[in-house]
Amino acid sequence: MASQTSNFCIDAADPYAQTMWWKDVLEDFRLTDEDQNPGDEECGLEGPNGRYLLFLKVPEGKTVKNRMHMCLRPTDRR
C-alpha cells in the first residue's frame with residue numbers, strides 16, 4: 001500500500017505553547033485555526049505542502065524522548 005503523510009501528532013504538556021514556538025521557528029507554517037488559545041487540548045500548524053503538525057495534550061509528564069506518530073493516508077486507493 002502506497003501512502004503519504006497526512007499529519008504528525010506530537011504529545012505536549014502545553015499544546016498552545018508548543019504550537020506558538022514552532023510557528024516562530026517554521027516560517028512557512030501557519031496556524032490551522034486562528035482561534036487557538038492557551039488551555040486548548042489540541043493546537044496545530046499547517047505547512048505549505050498541506051501537511052499538519054498537531055500538538056496534543058497528554059496527562060502524563062515527559063519521562064523519555066519526545067513522543068510523536070505519523071498519520072498516513074493511502075494514495076493507491078479510493
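Q: K23: buried, exposed or partly exposed?
A: K23 is partly exposed, with a relative accessible area of 29%. Buried means under 20% relative accessible area, exposed means over 50%, and partly exposed is in between, using a 1.4 Å probe and protein chains only.

Q: What kind of model is this?
A: This is a predicted model, where local features need pLDDT of at least 70, side-chain atom pairs count only at pLDDT 80 or more, and totals for chains, interfaces and linings use all residues. Residues are numbered from 1 along each chain as its sequence is written, and side-chain values use heavy atoms, with hydrogens and water left out.

Q: Back to K23. Which side chain does K23 meet in a salt bridge?
A: That of D24, at 4.0 Å from N to O. A salt bridge here is a side-chain nitrogen of Lys or Arg within 4 Å of a carboxyl oxygen of Asp or Glu. D24 counts as exposed, at 62% relative accessibility.

Q: How many salt bridges are in the whole structure?
A: The search finds 2. Besides the K23 and D24 pair, the side chains of R30 and E46 meet at 2.8 Å, N to O. R30 lies in strand 2 (residues 30–31) and E46 in strand 3 (residues 42–46), so this pair ties together parts that are 16 residues apart in sequence.

Q: And E46, buried or exposed?
A: E46 is buried, with a relative accessible area of 17%, whereas R30 is partly exposed at 49%.

Q: What's the overall layout of the chain?
A: From the N terminus on, the elements run β-α-β-β-β-β, which comes to 1 helix and 5 strands. Helices (H or I, at least four residues) and strands (E, at least two) are DSSP runs, numbered from the N terminus. Of the 78 residues, 26% count as buried.

Q: Which residues of helix 1 are buried?
A: P15, T19 and M20. Seen down the axis of helix 1, the buried residues fall within an arc of 130 degrees, so they line one face of the helix. The arc is that of the directions from the helix axis to the C-beta atoms.

Q: What covers them?
A: The cover includes strand 1 (3–12), strand 2, strand 3 and strand 4 (52–57).

Q: Take T19. What is T19 in contact with?
A: Leaving aside neighbours within four places in sequence, T19 is in contact with L31, Q36, C43, G44, L45 and F55. Contact means heavy atoms within 4.5 Å. T19 has a relative accessible area of 0%.

Q: C43 is on that list. Where is C43?
A: C43 is in strand 3 and counts as buried, at 2% relative accessibility. Beyond four places in sequence, its contacts include P15, Y16, L53 and L54. The C-alpha atoms of C43 and D14 are separated by 9.3 Å, with the two residues 29 apart along the chain.

Q: New topic: how many aromatic pairs?
A: The structure holds 1. The rings of W21 and W22 have centres 4.8 Å apart and planes at 85 degrees, so the pair is edge-to-face. Rings of Phe, Tyr and Trp (its six-membered ring) pair if their centres lie within 6.5 Å; planes under 30 degrees apart count as stacked, over 60 as edge-to-face and the rest as tilted.

Q: How accessible is W21?
A: W21 is partly exposed, at 49% relative accessible area. W22 also counts as partly exposed, at 29%.
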